[in-house]
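Please look at the sequence and the structure before reading on.

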Amino acid sequence: MTGLDRIIENALMEDIHTGDITTLAVVRENRKMRARLKAKEAMLLAGIGVAARVFHVLDPGITFTAHFSDGDLLNPGDIIAEIVGDASLLLQGERVALNLLQRMCGVATQTARYVQAVAGTKARVVDTRKTTPGLRILEKYAVRVGGGINHRTGLYDGVLIKENHIAAAGGITAAISRARAYIPHTLKIEVETETLAEVGEALTAGADIIMLDNMDVTTMREAVAMIGGKALAEASGGVNLTTVREIAETGVDIISVGALTHSVRAMDISMLMEGS
């Protein structure tokens, strides 16, 4: 996870800043304590190594013993991990560790629901760039833990020609032609379409992936038939746990779901301390 320590250090600085006033006031120095991370609801675990790293950034001498691994299903009451170290440092790391862990578990748990909903179809559930600023690598990792697939990481590692690019370039054909001339042969070109006419134009222009944006399932099914395997078909827009199965059954290859990351609920995890 390139950049993990930078994420953690920024989060700790945001929270602690010039000092944890409450802990400085009420907790005596060198008070060794034990803390337990406890699941308060059923969830898929993701980010246990991230939580451990928070405490190790504060003090490499803190002992973090994980009882479960990423990808494990947790039940209410499960003790996820035990942490032993100086009380003041455990208190300073508590909220950052929980924020990241709860968020990642939420993403993984939500992703697993979508993956299960399309089981038996050929459709793959993928994420989007609608991530929490600064946390993209963590949220995209959590998607993988949940059984989903990562779409492009950012603007730098994939070509996705959307409606504003098309408007600026003067049309789908012109946009694809310019992209093909610019990029290396190792990159694929994806184009967003909203109508069957645009699907036809993208196909003729040589798009590798055609996004079917906010199409109803009848139109989407026609688009998949028109594409006929000559490009990958990706469904996008209007995807939720109620609609995803019907969308998958149109025959699309990929279903991109912004809800995996942009509006996911953090899972309920507590950290309780006691003398070691």
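## A pair of strands

Which residue of β10 does Ile210 stand opposite? Ile210 stands opposite Ala233 in β10. This is a predicted model, in which local features need pLDDT of at least 70 and side-chain atom pairs count only at pLDDT 80 or more, while totals for chains, interfaces and linings use all residues. Residues are numbered from 1 along each chain as its sequence is written, and side-chain values use heavy atoms, with hydrogens and water left out.

The names of the elements follow DSSP: helices are H or I runs of at least four residues, strands are E runs of at least two, and both are numbered from the N terminus. β9 and β10 pair in the parallel sense over five bridges, where pairing requires that DSSP finds at least two bridges between two strands. From β9 the chain crosses through helix α9 (residues 217–227) to β10, and this β-α-β crossover is right-handed. The term right-handed means that, with the strands pointing away from the viewer, the path from the first strand over the helix to the second runs clockwise.

On another side of the description stands strand β8 (residues 189–193), which pairs with β9 in the parallel sense over four bridges. Glu192 stands opposite Met211 in β9.

These strands belong to an open sheet of six, in the order β6-β11-β10-β9-β8-β7, with parallel pairing. β6 (124–126) and β7 (159–161) stand at the edges with a single partner strand each, so one side of each is left without a neighbour in the sheet. Neighbouring strands of the sheet are turned by 25° against each other on average, direction ignored. This angle comes from axes, which are lines fitted to C-alpha atoms (for helices over the stretch in contact), and angles run from 0 to 180 degrees between N-to-C directions.

Is strand β9 mostly covered or mostly open? In β9 (residues 209–213), five of the five residues are buried. Buried means under 20% relative accessible area, exposed means over 50%, and partly exposed lies in between (1.4 Å probe, protein chains only). Ile209, Met211 and Asp213 are buried on one side of β9, and Ile210 and Leu212 are buried on the other.

Leu212 and Ile255 touch the most other members of the largest nonpolar core, which has 83 residues. Such a core is a set of buried Ala, Val, Leu, Ile, Met, Phe, Trp, Tyr and Cys residues joined through side-chain atoms within 4.5 Å. Helix α4 gives the most to this core, with twelve residues.

## Leu232 in β10

Leu232 lies in strand β10 (residues 232–236). Leu232 is partly exposed, with a relative accessible area of 30%. Contact means heavy atoms within 4.5 Å; beyond its neighbours within four places in sequence, Leu232 is in contact with Asp208, Ile209, Ile210, Asp253 and Ile254.

## Helix α5 and Lys140

In helix α5 (residues 136–145), the buried residues include Leu138, Lys140 and Val143. The buried residues of α5 pack against α1 (4–16), α3 (48–58) and α4 (87–117). After α5 comes Gly147, with a positive phi near 95°.

Lys140 has a relative accessible area of 3% and is therefore buried. The side chain of Lys140 makes a polar contact with the side chain of Asp127 (2.6 Å). A polar contact is a pair of N or O atoms within 3.5 Å; within protein, one must be able to donate a hydrogen and the other to accept it, and residues adjacent in sequence count only if both atoms are side-chain atoms.

## Two residues with positive phi

Most residues other than glycine have a negative phi. Asn30 is not a glycine, yet has a positive phi of about 55°. Asn30 is placed in the loop between α2 (21–26) and β1 (32–39) and is exposed, with a relative accessible area of 67%.

Asn214 also has a positive phi, near 55°. Asn214 lies in the loop between β9 and α9 and counts as exposed at 54% relative accessibility.
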